[in-house]
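Then let's walk through it together.

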Amino acid sequence: MSRRRTASTKKKLALLVTAAAVAGGGAFALATTSNASQSTAQNAKTLSAANSTVCQGLATALGNNQKFIDGQRAAPDAQSSARIANREAVIAQIKVQQKASGCAVGESAQDSQVAQPAQSTPAGSTPTKAATPPAGNTGGAAAAGSQVCNGSTVTLSGEAGAPAASSNQFPAGTTLKVTNLDNNKSTTVKVTSVSGSCVLLNNAAFEQVREPGKFLIRRALIQKVG
């Protein structure tokens, strides 16, 4: 009887140890699966945000070019037909990029100025004199070295060739320095043509200041160079 009881006890202990090991392994598997799911969800969220930025940049670039075409059609001159044909080719290329990036093909967004919040004056205090706005609001008449196009985002025009820019405020030959404040990269280019916004960089110039995978510079410092 003693031997049978001892054997029975050993079997029970073995079964308990096995069950505990199985339970522990199951818990580990569940924890691993949970961590993998969280990692996958985070990666998907990151990719979605990056893709959204790409699509928005392309949509802004398309909108800027369409705005320029509309302006040429509203007030045509001897060169309007050639300019429109060039911009239509650029828009076609942007649509190719939209399709390749999984964006809505043909989606357009106009470049806009970033509104600066008004500062309220505390009760009982003397209002201070408003600061003189930078020369950037005077367009082509801005002094050399001054900041221009305050609040403007910068996108690519889609044009090929050596680094250059196009603008609706500065005449051809004007030199502008564009700095991407998100990565502190800068490029200095000459305006060579007209566009639908303050500054559009062609493909070569945009590559010099862009962040990988982005087609929009939200925080840009644009300066007129003497």
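Two residues are in contact when they have heavy atoms within 4.5 Å. In this predicted model, residues 24 or more positions apart account for 74% of the contacts in the protein chain with a separation of 6 or more.

Now for the layout. The protein chain has three helices and seven strands, and from the N terminus on they run α-α-β-β-β-β-β-β-α-β. Of its 226 residues, 31% count as buried. The chain exposes about 13,500 Å², and carbon and sulfur atoms supply 58% of that area.

Next, look inside. The largest nonpolar core has 31 residues, and Cys-149, Val-154, Phe-170, Val-199, Leu-201 and Ile-222 touch the most other members. Several elements each supply at least two residues of this core, among them α2 (80–100), β5 (185–194) and β7 (220–225). The most comes from α1, with six residues.

How confident is the predictor? The chain averages a pLDDT of 73, and 62% of the residues score at least 70. The table picks out some parts of the chain.

| Part of the chain | pLDDT |
|---|---|
| β4 | mean 95, the highest among the elements |
| α1 | mean 63, the lowest among the elements |
| Residues 26–30 | under 50 |
| Residues 111–138 | below 50 |

Where pLDDT is low, the predicted coordinates should not be read in detail.

How values were computed: Residues are numbered from 1 along each chain as its sequence is written. This is a predicted model: local features need pLDDT of at least 70, side-chain atom pairs count only at pLDDT 80 or more; totals for chains, interfaces and linings use all residues. Side-chain values use heavy atoms; hydrogens and water are left out. A nonpolar core is a set of buried Ala, Val, Leu, Ile, Met, Phe, Trp, Tyr and Cys residues joined through side-chain atoms within 4.5 Å. Buried means under 20% relative accessible area, exposed over 50%, partly exposed in between (1.4 Å probe, protein chains only). Helices (H or I, at least four residues) and strands (E, at least two) are DSSP runs, numbered from the N terminus. Accessible areas come from the Shrake-Rupley method with a 1.4 Å probe; for residues, only the protein chains shown count as cover. pLDDT is the predictor's confidence in each residue, from 0 to 100.
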